[in-house]
Amino acid sequence: MITLYTAATPNGRKAPIMLEEVGLDYRVRPIDLSKNEQFEPDFLAIAPNNKIPAIVDEDAPGGPLAIFESGAILVYLAEKTGKLLPASGPGRYKTLEWTFWQVGGLGPMLGQLGFFAGRSKTKPPEAIERFTEEAARLFKVMETQLGRSAYLAGDAYSIADIASYAWTFAASTMIKQAAPAAWGDNPNIERWLKAVGERPAVVKGMGVPAAS
Ligand SMILES: N[C@@H](CCC(=O)N[C@@H](CS)C(=O)NCC(=O)O)C(=O)O
């Protein structure tokens, strides 16, 4: 059994989508970020960076294994099940390339844009401009890639698509309202958002944790 520590945020939704896709049993332990539960000692023992998502796999070879960082969780679950990440060859590295592109680029830039353009009390123009430009640049890169292939890492759906889905969905809805210039004319991304968003595992995973 896998325990998933998560919250209803774009990073938090990657792991439940993946667990639904690969069909592993899991239980959800919601972490309430508004109550700072991510700083509680029990959670820090699993995720010392005080961020969700994290998992504990009770059935890992060698005993229970705790993993934090969404990219590491996606790779672990893919390798545990042999799904959504090729075991070798160019397809493996294309999948890792686009997965790390999201974890190191798209996610952090959209997170900062969402904060400065949305939740910040002072809304500093220079920060909003910087992160809007960077988000627009990243979506142009994504749009071009999705003009070349059906999915981010090629013609097969993979962990790279799971990594990017919830953030791109947030950008096409909430972030687009707060910073319209971040979201250009992206027909290939729109097509991909629809295809990925209609997958039953994605529909289920986007609802985890259930609203309380
Ligand atoms: N690089 C991390 C980012 C995770 C992250 O930023 N999680 C946010 C929610 S989307 C969080 O837990 N924030 C709580 C905090 O910063 O205290 C990952 O990909 O897992």
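In this predicted model, M18 touches L74, L77, I159 and I162, leaving aside residues up to four places away in sequence, where two residues are in contact if their C-beta atoms, placed from the backbone, lie within 7 Å. Residues are numbered from 1 along each chain as its sequence is written. Because the model is predicted, local features need pLDDT of at least 70 and side-chain atom pairs count only at pLDDT 80 or more, while totals for chains, interfaces and linings use all residues.

**Domains and their contact**

- The protein chain is divided into domain 1 (2-84 + 200-205) and domain 2 (90-197), with bounds that come from an automatic or database domain assignment.
- The centres of domain 1 and domain 2, taken over C-alpha atoms, are separated by 21 Å, and the contact takes 14 residues from domain 1 and 14 residues from domain 2.
- On the side of domain 1 that touches domain 2, α1 (10-22) and α3 (70-81) each supply at least two residues, and α1 gives the most, with 7 residues; helices (H or I, at least four residues) and strands (E, at least two) are DSSP runs, numbered from the N terminus.

**The largest nonpolar core**

- Among the 53 residues of the largest nonpolar core, those touching the most other members are M18, L74, L110, L113, A135 and I159.
- Such a core is a set of buried Ala, Val, Leu, Ile, Met, Phe, Trp, Tyr and Cys residues joined through C-beta atoms within 7 Å, and a residue is buried if 20 or more other C-beta atoms lie within 10 Å of its own.
- α6 gives the most to this core, with 9 residues.
- Domain 1 and domain 2 both give residues to this core, so the core lies between them.

How values were computed: Buried ≥ 20, exposed ≤ 12 C-beta atoms within 10 Å, placed from the backbone.
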